[in-house]
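The structure comes first, the notes after it.

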Amino acid sequence: MNQPLTVEQIRRAPKVLLHDHLDGGLRPSTVVDLAREIGYKDLPTYDPAELGVWFREASDSGSLERYLETFAHTTAVMQTRDALVRVAAEAAEDLAADGVVYAEQRYAPEQHLERGLTLEEVVEAVQEGLELGEKRAADAGRSIRTGQLVTAMRHAARSSEIAELAVRYRDAGVSGFDIAGAEAGNPPTRHLDAFEYLRRENFHFTIHAGEAFGLPSIWEALQWCGCDRLGHGVRIIDDITVTENGVPRLGRLAQYVRDKRVPLEMCPSSNVQTGAAASIAEHPIGLLHDLRFRVTVNTDNRLQSGTTLSEEFARLSSAFGYDWDDIQWFTVNAMKSAFLSFDERLALINGVIKPGFAQLKWAADR
Ligand SMILES: [Zn+2]
């Protein structure tokens with residue numbers, strides 16, 4: 001097996017991030033600052049280092065209540081225009097510092113209305129922040145392009161309204177739509193009206209499916225709702241059997257997902273935390289990569305998982321021996337699957353990603 005690539009090496013590679021939650025990526029110090037500003041009293045600690053550890057441990061605990069509590073704290077401090085601008089700007093800066101050149105940031109506007117903002121004001125504040133972060137990154141010599149994925153909560157009943165909001169802002173920073181939240185008991189077809197509307201509008205959307213819940217959720221998301229990508233989709237592995245002599249056999253749904261090049265937004269550390277995978281080494285991404293599914297690598301919630309995209313790749317490199325060619329393959333997969341126009345995707349692949357990896361490989365060969 002190759003010597004695994006280190007986080008520092010991978011940080012230099014131009015990377016693409018499709019699945020990253022804005023309310024799951026705050027700096028612990030920002031959570032503390034914002035809580036103090038608004039007089040929020042419920043944080044378990046006001047020491048940023050301790051708080052960072054608390055977020056990771058609560059997410060590792062295997063308890064859904066504690067995991068959800070982490071998001072109660074982050075969304076509680078993201079209720080004003082200034083807070084949203086700051087959090088979005090820092091997200092773009094932090095991702096750029098990690099070598100990410102294109103990122104989609106997702107969040108549910110309906111969770112940021114507690115202090116009187118309208119849905120429109122939320123989207124506009126996040127956009128202002130992302131643009132500010134892009135500019136600060138550029139000033140520091142790093143180029144990142146961002147887009148918003150506006151998310152509806154799957155247990156709520158506002159998906160059509162949120163889908164219309166997303167389409168209204170399609171030329172003002174919103175590149176796609178998503179549904180998130182507890183998968184069990186909330187099948188994607190509950191929101192069929194929203195998805196049918198989005199398709200009539202020629203709009204792009206992904207659906208969190210096949211994480212906590214299995215194949216029926218993936219099947220509904222694809223064949224009833226018509227999603228462009230699968231958020232996680234890790235349970236597609238349930239439709240693949242490996243025979244005694246090691247030959248993989250794909251069921252009809254897995255075959256369809258692979259044949260149609262349906263992008264899978266895989267989030268290894270997050271899946272281990274929520275129990276969707278037993279460990280990084282046993283994560284289905286290994287087999288799905290070997291079978292050449294359209295796999296992408298993502299962070300999901302950088303704060304809760306205490307991770308970055310470079311760290312996710314480094315973990316995969318140690319577990320599966322992935323080298324620069326593999327990391328480039330995941331990256332090109334992600335760029336091909338981005339909710340960005342074809343010519344812009346091509347420009348990033350040929351103008352930024354391939355030259356960036358070529359340089360790293362050239363340096364490694366010397
Ligand atoms: Zn997610």
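## A buried loop residue

D300 counts as buried because it has 27 C-beta neighbours inside 10 Å; the cut-offs are 20 or more other C-beta atoms within 10 Å for buried, 12 or fewer for exposed, and partly exposed in between, with C-beta atoms placed from the backbone. D300 sits in the loop between β10 (295-297) and α13 (302-305). Its phi is positive, about 65°, although D300 is not a glycine.

The model is predicted: local features need pLDDT of at least 70 and side-chain atom pairs count only at pLDDT 80 or more, while totals for chains, interfaces and linings use all residues. Residues are numbered from 1 along each chain as its sequence is written.

## An exposed loop residue

N202 also is not a glycine and has a positive phi, about 55°. Most residues other than glycine have a negative phi. N202 lies in the loop between α8 (192-200) and β5 (206-209). With 8 other C-beta atoms within 10 Å, N202 is exposed.

## Overall build

The protein has 16 helices and 10 strands, taken as DSSP runs numbered from the N terminus (helices H or I, at least four residues; strands E, at least two). Of its 366 residues, 49% count as buried. Of the contacts between residues at least 6 apart in sequence, 75% join residues at least 24 apart, a contact being two C-beta atoms, placed from the backbone, within 7 Å.

The C-alpha trace spans about 60 × 50 × 45 Å along its principal axes.
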